[in-house]
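Please keep the sequence and the model open while reading.

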Amino acid sequence: MAILDDVKRQISPASDTKRLTTEDGKTVEANELGENVVVAGDGTTLAVISPAAERALTRKFDIRILPILAIMYLFNSLDKSNLGNAKTAGLEKTLGLKDHQYNLILSVFFVPYVLTAPFLAILGKKYGPNRVLPLMMFCFGCFTLLVTAVMNFGGLMTLRWFLGMSESAFFPLVIYYQTTFYRRGELARRLALFYAAQSIASAFSGLLAFGVFQIHSGSIADWRYLFVIEGSCTILFSFFAYWYLPQSASVAHFLSPEEKQLAYYRMQVDSSSVVNEEFNFRESFKIFKQPTSYVILAIEICLGVPLQSVQLFLPQIVARLGYDKVKTNLYTVAPNISGAVMLLVLAFASDWTRWRFPFVALGFLFTFLGMIIYVAIDVKTQLHVAYFACFMMTWGTSAPSVLLDVWYNNNIAHEGRRVVLTSFGVPLANLMGVVSSNIFQNKDAPKYIPALATTAAFGATGLALTLLLGAWMIIDNQRRDAKAGKKIEVRDIPTEKLRDGPGVPEFRWFY
């Protein structure tokens, strides 16, 4: 069936299908074949959105958009987390760092990260993520490259501040950007494919460090070559991204006019209440009138400590196994790769079942168990068990981050509110890097028992909050169904009706 089918077919007003009226007076109905039919005011069928046409369209987005975003995020993750590898190669000795200065350098990154993220996210909504994301990428590539010239604590501290500022809204904007291309039930696995770049970046960083640390005849310290390579590649790719990325699905340059119209109506049926809506400050910040927003932020806090602990300190955790600096970096590769695989497994399962919170909870459980096992055993005599615990740590950090962001974005039809909550939630999770970078103390090396126990406690709290919020959403949906006198599935409610969130009777939680 063609994407647009200009046939004069009337839709029976008595048919029991979901309907929404668009801003331009058209009606969108779901027929008995599962197709969304766009109907003009006089009853003329303007567009038939068939599952086959949608699959073809999403394949185009998967091929044209996802790889670019994944590469961008890979560089983002490399530029943020390479200090851990550099530390194993003598960064502290080269720069003459003392006492807690390394921890301060890690911590300072997260202060501007939180302070500037909402403002940059709003700019991204206003001027387009396709412009703001590459500009941010260019900036953090430059600051990474400049680390090559750093000679002391003050210089590195300054660059980490500006690096945090330039990276702050990157992930929130990517999440929002993907919600303008994909329906709610399609989002988790796509965001997971993108986010897997972080795990791959951590693995690649270990491999790159393994290779770079073989350089012994260069004119600069071997760890500086990490920043030369990563910073230069980041800058070069930012130019390509600025030229290539479209503003949104409905105006993508690689789509035909019919496909652009299909992309527009898809978003209006099952993503945004108003597609490509202008940002309104007052309307957007009404998201904080919803009590569930604060529970989400609390879960983000609990998520942030395990996420940042593993991302920043996995090389130090693996170092307890007793290997030299080269093998230590090499042995971080497999856990990070397995973390990416587990993320994809949980995300695909989440989209297939259309459940979110059980898989978020499962991720928290993995991290909790991994930390507890690592603390409880004698690492020297149980090396294989200890190394397996490192795998479990990575399984439980990536998945909750992605699926939590998808979970609350699925429940916000207003594009501005979606941007605002994401721009507060994601940086708040990253702010917990301040906690992570200060609980891993050199005096506790190599066991780091206080740090691992603290991380496990945050994971357990996040698990409890996730289960409680999910259970409440189920009960609230049942209460709304009882009041309406019939059971309504979340997929049966067009997102244009959900602009005001839980305040409207038709609202159902996507849990």
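Glu489 and Lys487 pair in a salt bridge, with their closest N and O atoms 4.0 Å apart; a salt bridge here is a side-chain nitrogen of Lys or Arg within 4 Å of a carboxyl oxygen of Asp or Glu. Salt bridges with shared partners also join Arg189, Asp351 and Arg356 into one network. The model is predicted, so local features need pLDDT of at least 70 and side-chain atom pairs count only at pLDDT 80 or more, while totals for chains, interfaces and linings use all residues. Residues are numbered from 1 along each chain as its sequence is written, and side-chain values use heavy atoms, with hydrogens and water left out.

- Lys487 is exposed, at 63% relative accessible area, and Glu489 is partly exposed, at 38%.
- Exposed means over 50% relative accessible area, buried under 20%, and partly exposed in between (1.4 Å probe, protein chains only).

**Salt bridge Arg356 to Asp351**
- The side chains of Arg356 and Asp351 meet in a salt bridge with an N to O distance of 2.9 Å.
- Arg356 counts as buried because its relative accessibility is 0%.
- Asp351 also counts as buried, at 6% relative accessibility.

**Salt bridge Glu415 to Lys125**
- The closest N and O atoms of Glu415 and Lys125 are 2.7 Å apart, and the two residues form a salt bridge.
- This pair links distant parts of the chain, 290 residues apart: Glu415 lies in helix α18 (residues 415-431) and Lys125 in helix α5 (residues 110-127).
- Glu415 has 1% relative accessibility and therefore counts as buried.
- Lys125, at 9% relative accessibility, counts as buried.

**Salt bridges in total**
- The structure holds 12 salt bridges.
- Side chains of opposite charge can pair when their charged atoms come close.

**The chain as a whole**
- The chain contains 20 helices and 4 strands; helices (H or I, at least four residues) and strands (E, at least two) are DSSP runs numbered from the N terminus.
- Of the 511 residues in the chain, 60% are buried.
- Of the contacts between residues at least 6 apart in sequence, 79% join residues at least 24 apart, where contact means heavy atoms within 4.5 Å.
- The chain has an accessible surface of about 19,700 Å², and 65% of this belongs to carbon and sulfur atoms.
- Accessible areas come from the Shrake-Rupley method with a 1.4 Å probe; for residues, only the protein chains shown count as cover.
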